[in-house]
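Reader: I'm new to this one. Could you pick a single part and take me through it closely?

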Amino acid sequence: MATAQQILKSLNTPKEVREDMLLIFSSFDNRLSKITDLIHSSSALEDRFDSAEKIILRYDSNSNSLPWEDSPEEASEYLSALDEILQLCENLTVEDDKDYVDRADTAIQIAMSRLEDEFRHILIRNTVPLDADRLYGSIRRVSLSFLSNDGVIDDDFESFGEVDNDSSGRFHERGASIGDDLFVDLINPDAVVELREIADRMIRAGYEKECCQAYTSVRREVLDECLVILGVEKLSIEDVQKVAWKDLDEKMKKWIQAVKIAVRVLLTGEKRLCDQIFNGSDSIKEICFNETAKWSMMQLLNFGEAVSISNRSSEKLFRILDMYDALADALPNLQAMVTDEFVCSEAKSVLSGLGEAARATFSEFEKAVQGETSRKPMQNGEIHPITRYVMNYLKLLVVYIETLDSLLEGDEDELHGLEKVDREKLQTESMSPVTRHFQSLISTLESNLEEKSRLYEDAAMQYIFLMNNIWYVVQKVKDSELGNLLGDHWVRKRRGLIRQYATSYLRASWSKSLSFLKDEGIGGSSNNASKVALKDRFKNFNACFEDIYRIQTAWKVPDSQLREELRISISEKVIPAYRSFVGRFGSQLESGRNAGKYIKYTPEDLENYLLDLFEGLPGVLHHLRRKSS
């Protein structure tokens, strides 16, 4: 029967003639008795092929309209026709009619070209633009006050603001916390079924490469557009190096959000879309997802790399740490989805670079504090900018304690290079890397402040300056997580130091005044003391007190609690001594002429005048006289 069929094929006769000849053959040999069934079967297959071929050719590549745009019924008919041809092709063999094979190949090529175009058009028509406003509205924000009013810190530590919970200035946004349930539809869900039907047939026909190319070319552009909506620009390393800090800060903030959204939302959604469209082939959906994700991720990673190798400056540290944390948080999810080793390797490399940049920037900050040698004393003994700078800087850095602990691990050589005094206070063996570095840094600050205190000629002002600054340090530690980090023992030692400074201030400022209130050298008891000596004592005390009042009302103690404690300490030292001296010797002068010239103030007057000290407002007492009773 096969021989008979081959003879007829070689004759290239019309179908009707071939059927007549096969019937003739069957009359000569009973082995060809079933030829009638074969004739009908062959005829039915040819009819099915012809019908399917006509439908495919009806929408050839020159057609302006696509079946899916005409009607779902025609689309279904088109796919059924393609299924028919694919099924027939799977049953054809090399020995079968070459004409059928060629016609089937041609029909499939036409269909694949048409389906590839339709696949691309469905992807484009059904893409859902990213709604950044809605997305950001779903993200929980955590903000901290930024350390600088304008984001720039100059070499003299001058442009530095306070970090307070109620600060209304500029904010340093750590970024946003993205919930696990946050997702967006990147494409109209109704289109997924159509896309899957096309993809299944292209893969079945061996056109998976063309299908992947169509998918990735469209989806790459979609993800690129999403990054644009999120504020991510395509910048070269050279471009990033030229950007001013204020602009770069904004770009870094946008990058941080973009990394979180790209991995947790966009790529997760893209992975889900690939799984839905290419669910019949694990290898194809893996290839499509990797190729789509690669472009957007490399754009993000290139910016991260550029930042990691940019110039070091202390104001960048917080943003770099934010970038490091964002990428570190995103990396496990990225590695779970993307199987492209190059992308994952680049992500880990950029993460390492950002970590090194953060560590090196912090090290530069430590060295800057150590090397700050400005010789301009603070007016009125107020808090030095470097103290505000360092403490507010550290107060913000505490938020990154876990990250810094991992980055500063094994950094002891540089730490020991910074330490100059009192290594025991660091207790290095039992402390975390961050605690060691922070204590070392504050010790360096304290040493620096001691050097700066010597810029004041007045010894009393030296101690006021030191009290102001160390008190500020302690308050910043107490009122933040620094307190938990450094511990109660550390705080107690600084409070003890403040008490020492207060004692030294009293000695330097009030010893001379108090010396005039002593009994020695006035020649006799309280009843027969030399009036000349008494007049000199009161006169000298008054002059000394008025001089202190004139000078120290101009001095500034910004903290109300420290200011009050200082006044109390002075009052406890001076007022009892003055009251006692006036009580013992005042009667000898009050009976004489011009007594008010010498006993100008009552103890209550002095106590009231002490309340004017350290307000930063110069005062004068030389016109005041005690009213005679």
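Author: Helices (H or I, at least four residues) and strands (E, at least two) are DSSP runs, numbered from the N terminus. By that count the chain has 25 helices and 2 strands. This is a predicted model, where local features need pLDDT of at least 70, side-chain atom pairs count only at pLDDT 80 or more, and totals for chains, interfaces and linings use all residues. Residues are numbered from 1 along each chain as its sequence is written, and side-chain values use heavy atoms, with hydrogens and water left out.

Let's look at one helix pair. Helix 9 (residues 208-229) packs with helix 12 (residues 282-308) at an angle of about 30°, and their axes are 9 Å apart. Axes here are lines fitted to C-alpha atoms, for helices over the stretch in contact, and angles run from 0 to 180 degrees between N-to-C directions. Angles under 35 degrees count as roughly parallel, over 145 as roughly antiparallel, 65 to 115 as roughly perpendicular and the rest as oblique. Helix 9 and helix 12 are therefore roughly parallel to each other.

Who does the touching? Contact means heavy atoms within 4.5 Å. From helix 9 the contact includes C212, Y215, R219 and L223, and from helix 12 it includes I287, E291, W295 and L300. Sorted by class, the contact has 9 nonpolar, 4 polar and 5 charged residues. Here Ala, Val, Leu, Ile, Met, Phe, Trp, Tyr, Cys and Pro count as nonpolar, Asp, Glu, Lys and Arg as charged, and the others, Gly among them, as polar.

As for the whole chain, 81% of contacts between residues at least 6 apart in sequence join residues at least 24 apart.
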